[in-house]
Amino acid sequence: GKWEFGLNFDDINESGIQCRDHVAKTFREPASLMVVIDFVLSYRVAIMIKLYCFAVAGYIYLGSHQGDDITTTHNGSLWEPKWLRINFIQYIALMDAAVWACLECLLIVYVAWQRWPSLGYRSPGIPSLKWLVEHAFNVCFSAFGGLWVYHESSFKKKPWACAQSDAGICADPRLDNLWGTLQYALFYWACRIIIFLLMNAKRVPIFLYGTPDSKVRTESGRGWCANQWQNIRVNVAWLSMLGVCILIEVLLLLPTMKGLDWDTTCGLNLLGEVTGLPSTRGVCTDADLRLGFGCVSCISGIFAGWLVVVLGALVDIYFVFYLASAIVGGIMGQQRELNDLKNTSLPIDLREQQGREAKLFERTFGPGWQHIWRVMVQSLYSESLVSPKQAEHLAQAAGISLEADAPLTHREKKQKQIHLTRFPHLAAERLAFFFQSLKWIEKNQPSKGKHFEPATDALTGVHFDPGSIPSLTQIIPAYNEVVIPSVEFLRSGAEQEDARNSSPDDQPGLGDLTVPPQGDGVNTNLAFMISQFPDEWVFLAKRLHAEGWVQSAESQDLYHDFMKNRLSQENIVEIRFWAAMRMQSVAKTVIGALQCGRALASLPKVQEHYRQFPEKRVAEDHVEVILAHQTYGHIEGSEKNDEAVQLLLERYADDALYLVFDLKKGTSAELWAMAERFLSQRGGYGGRGFEQASVKCKWDKAIRGLRVLEVLPRRFQLRLGQGDYKTQGKACNQLNGLRFATGHYVQALDCNMGTFIGEGFKVPYVLRMFMPLDKEDRTAPKCRYLGFREYIYTGREGTVGQCHAAAEWTFGTINQRFLSGMGTRMHYGHPDFLDGFWARNRGGMSKSSPVVNLSEDIFAGYNVRMREEGSPHIDFLEFEKGREATFNAASNFFSKISGGSISVIRSR
């Protein structure tokens, strides 16, 4: 029927809450002009607050001497108004009454239309009788109050002579009984303020379902006192920003219309004595000329000017807000000593018991800090970010060798400071950020509930317990993104045809879409990458030579041998992974995610713990990585990607890496047989009784192939809907991986991210912000989402990449600090950490309904905020992330953001 058209997950959930017999449409999403109406009604409170600020600015402007003399002089003081100011107080009250009466009537009608399918049912968001009475009362008060003020109002025109004088006839006769003149308007304004506060003050969480009670909120640091202090801080911040808006409007916006109004400019006395401006002759004075060109031009020009001023007054808060967030965010970063985190000019002193960084390193990670440093250096070396000699020098700077058992010679024991400016840029920035960010752990105070005890809390502490490490599941949703660049791709790009756009299906036709060129037509793709990372290619050649993989340490020889297919398969794989780590690829994200588990697996206490469980991979109970590949083994996917996924799983078989894929129609028979064989071995399965399932597997070195671990048959497809109205692919894929997540905390990563292992060592400390070690109640964590910094590594790829990197730094770091301090930060995307148990029971990590949830991640932020949960932001952890680096890709991204903003308005 017609009610079933356009169903989404919110309708399904609400049908259950309303105890309906069948799933039905419970909410009408607006379209076309209704979206504009919905926008105005949804933001009516914010719009009216800005209009009130504009009214205050107008009242101040009338005595500011910023305009012409007749308008802005001799209108009394702020507390003893006369002439235009007296009129202003009264006619603004009339305008306010008219606006509110129209808004409330429109709201009642619109909500009745929008919620008509749910009227008569009980669920959150459905207007109740109390809601109807409140808004009907506001309509009546606005209507009768406006009529009362109009009936009792007293308007006077200001004589022209009063532009220069304040005596004689310029004495406003209403001053003799000023209170009697304004008491009706002032009484209206007093009632309006009270009604406005009572109707819009939040008394309970917006979402009652799944919201912690007051006791739990108090234990988690969000009790009444904390909320009141937070509210005071937020209100002061907003009042300050609104005050700046008023100053801007008084000093900049209103003076632009100096002397421009219908009375004095056009001679159109339309409102009589209401405005208080004296009449003058103009092009509109004579009635027979009011349809002439001069009068119409004058009226429309002034109207357009005032319209621009009013619109400017509505949106100036946007610019003031971002200016305030930049200033306050910069100050917050300065107070945290985190603004200059990547200053590579500062030396690093790792001399044991002497160096400043050595002492900080030891206080943070315990007596085994040198072992952690060795692991970090080995990671830089294995990624070809430093040369073999540079890796040795970095290790020797801490008094250790690069290999754990290798003794140091007398010459090597001479420890020196590390001057990062002498090292490659990326490695230097990673190390600079790592050491600067360690100050956070040292500065935590017991009063903040994060007291740090080195002996038990440090990762290599004497009494450190691996059981105190919060468990984490990292989910990487993938579709058809490049996993590992193929040999053919790396060798191509130098032909002239490679520089041309081509048809996706190699069948060009009129109006067909095109795919990007395969290269620049001059260099091979590998050669282009080498030109961007020349030092790192040299380091790769030296590393392969040092490890005995190739005979020559010359980088040119390595390139030519690769192009002429003279390298072994192992060397070719190394080059493919080298390229994958320097582009936006799935492999870069997976390898980065694995750094958290590898960091823990290198700790002696963790290794000792897992010796009790030889059947388990080290640290797999603490950190797991799930690659949720939506098209693996499916006809919609790519055989090259499937082979690359298997290569990735095989290469990192000793790490806690799992593959989750969607088993459905079109999936290869081999995968179907593998899943059915697994179910048959478990017993109770007598043949294919399902059409789709979610499958979790890992690489088994014994059989050199995939081994199924879990199969979850499903009744419905992963993506619901038809055609262009299917549910969000990434959100569904996240949910597919979330079903198999075992960690207390979950992190979803996009397929263009990366991580340094040094950041992986900090992750256990970061996760303790959810549940500090002195907390035992799992229902009362400090927060539900936790955001942190992102470094946009595509900023090096041209102007578009730089613009995206700068925008990400502004919004993703400085602005997030400010929002976090205001208590209004939400979930804006990956790679936030989140409380896995809470997310599973509160709608997942994002919403996936088509069209309405185009910006799927922001709805998780709404979910957190409306349940009065926390979503702070921190500066001391950083993951790498890629962004669009071409104009077309950037245009598509901004198109998605703008479309998502409209979809947010359309949602319930």
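**Pocket, cavities and a helix contact in the predicted model**

Helix 3 (44-61), helix 5 (84-114), helix 10 (262-266) and helix 11 (293-335) each contribute at least two residues to the lining of the second largest pocket. The model is predicted, so that local features need pLDDT of at least 70 and side-chain atom pairs count only at pLDDT 80 or more, whereas totals for chains, interfaces and linings use all residues. Residues are numbered from 1 along each chain as its sequence is written, and side-chain values use heavy atoms, with hydrogens and water left out. Helices (H or I, at least four residues) and strands (E, at least two) are DSSP runs, numbered from the N terminus.

The second largest pocket holds about 1,400 Å³ of space. Of its 39 lining residues, F54, Y91, I92, M95 and W306 are the closest to the centre. Helix 5 provides the largest share of this lining, eight residues. By class, the lining comprises 30 nonpolar, four polar and five charged residues. Here Ala, Val, Leu, Ile, Met, Phe, Trp, Tyr, Cys and Pro count as nonpolar, Asp, Glu, Lys and Arg as charged, and the others, Gly among them, as polar. On a 1 Å grid over the protein atoms alone, a pocket is an open set of points with protein on both sides within 12 Å along at least five of seven lines, a cavity is a set where a 1.4 Å probe fits but cannot get out, and lining residues have an atom within 4 Å of a point. Grid points are joined across faces, edges and corners, and a volume is the space filled by probe spheres set on the points.

Four cavities of 30 Å³ or more are counted. The lining of the largest cavity has five nonpolar, no polar and six charged residues. The second largest cavity contains about 80 Å³ of space, and helix 12 (356-365) and helix 15 each supply at least two residues of its lining.

Helix 22 (residues 569-580) and helix 25 (residues 639-651) pack at an angle of about 100°, with their axes 13 Å apart. Helix 22 is therefore roughly perpendicular to helix 25 (65 to 115 degrees). Axes are lines fitted to C-alpha atoms, for helices over the stretch in contact, and angles run from 0 to 180 degrees between N-to-C directions. V573, E574, R576 and F577 in helix 22 meet L647, L648 and R651 in helix 25, contact being heavy atoms within 4.5 Å.

Key: Angles under 35 degrees count as roughly parallel, over 145 as roughly antiparallel, 65 to 115 as roughly perpendicular and the rest as oblique.
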